[in-house]
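Welcome, and please open the model in your viewer. We will go from stop to stop, selecting a few residues each time and looking at what is there.

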Amino acid sequence: NIIMAQKYIGKVFDEKVAVPWGIAQELIRIGEEPSQVAISDRKITFIYDGGRILQSCRTDSTWPEFEHIFNEDAKAIPVPDGFFQAISKLQKFTDEEDRLYFRDGRICTSAEDEMGASIAVEGLPKLGIYNATQLMHLEGVATSIDFSAYPKPAYFFGPLIRGALIGFAAPTEEAYAEV
């Protein structure tokens, strides 16, 4: 289970820079655009009006080529009404891997029909298994999403952002029922 996201910032850097997850979370929490970004061989610094800064060491890892992941055809629909509220209510009942199951228009805490809790959400695909915390990371970010290609990535879109969410594997309905 992973999420990859690409945010359009309207600026071009001379090199690719991977922003550490904790810094990305803080940039989202701050919720305002930095006035400048300074990049050196060891640091990345986000400079805000008023002299505030957010700084991080750069990692040694190289960023993988990922454009092919985002350049898939998606049939995204608006995020269904009540989607995030249902996930929030059900998350306290998920298993140790924080799984939620999409089953015929319902979000469920168990792969078995008669077990667990579930909430109906119109517009969901027939099948899917996703991490509840990762789905909640899309709240306030994704305005449309395409779950229809499961178990392939679910593509999501929002203002100046696009991404891919990879769910838990379940290649057939039979395997889905055995999870």
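Which residue forms a salt bridge with aspartate 95? Select aspartate 95 and arginine 99: these two form the salt bridge, with their closest N and O atoms 2.7 Å apart. (A salt bridge here is a side-chain nitrogen of Lys or Arg within 4 Å of a carboxyl oxygen of Asp or Glu.) Aspartate 95 counts as partly exposed at 22% relative accessibility, while arginine 99 counts as buried at 15%. Buried means under 20% relative accessible area, exposed over 50%, and partly exposed in between, using a 1.4 Å probe and protein chains only.

Before moving on, a word on what you are looking at. This is a predicted model, in which local features need pLDDT of at least 70 and side-chain atom pairs count only at pLDDT 80 or more, while totals for chains, interfaces and linings use all residues. Residues are numbered from 1 along each chain as its sequence is written, and side-chain values use heavy atoms, with hydrogens and water left out.

**Stop 1: the other salt bridges**

The structure holds three salt bridges. For another one, select arginine 29 and glutamate 26, whose side chains meet at 2.6 Å, N to O. They sit three residues apart in helix 1 (residues 21-30), which means that about one helical turn separates them. Helices (H or I, at least four residues) and strands (E, at least two) are DSSP runs, numbered from the N terminus. Arginine 29 is exposed, with a relative accessible area of 58%, and glutamate 26 is partly exposed, at 25%.

**Stop 2: helix 3**

Next, select residues 83-90, which make up helix 3. Phe83, Phe84, Ala86, Ile87 and Leu90 are buried here. Why do they fall on the same side of helix 3? They cover an arc of only 160 degrees around the axis (taken from the directions from the helix axis to the C-beta atoms), which puts them on the same side.

To see what covers these buried residues, show strand 6 (99-103), strand 7 (106-108), strand 8 (118-120) and helix 4 (132-137), which are included in that cover. Contact here means heavy atoms within 4.5 Å. Helix 3 lies across strands 6, 7 and 8, running at about 25 degrees to strand 7. For such angles, axes are lines fitted to C-alpha atoms, for helices over the stretch in contact, and angles run from 0 to 180 degrees between N-to-C directions.

**Stop 3**

An open sheet of four strands has the order 8-7-6-9, with antiparallel pairing. Two strands pair if DSSP finds at least two bridges between them. From one strand to the next, the twist averages 20 degrees.

Zoom in on strand 7 and strand 8, an antiparallel pair with three bridges; cysteine 108 stands opposite serine 118 in strand 8. Then look at strand 6 and strand 9, joined in the antiparallel sense over five bridges. There, leucine 100 stands opposite tyrosine 130 in strand 9. Four of the five residues of strand 9 are buried, so the rest of the structure largely encloses this strand.

**Stop 4**

Select strand 11 (residues 154-158), where four of the five residues are buried. Strand 10 (residues 144-146) pairs with strand 11 in the antiparallel sense over three bridges, with serine 144 opposite phenylalanine 157. Five bridges join strand 11 to strand 12 (residues 161-166), also running antiparallel. Strand 11 and strand 12 form a hairpin with two residues between them, and leucine 160 in the turn has a positive phi of about 60 degrees.

**Last stop: the core**

Finally, show Phe83, Ile87, Phe102, Ile107, Tyr130, Leu135 and Phe147, the residues with the most contacts inside the largest nonpolar core, which has 27 residues. A nonpolar core is a set of buried Ala, Val, Leu, Ile, Met, Phe, Trp, Tyr and Cys residues joined through side-chain atoms within 4.5 Å. Helix 3 gives the most to this core, with five residues.
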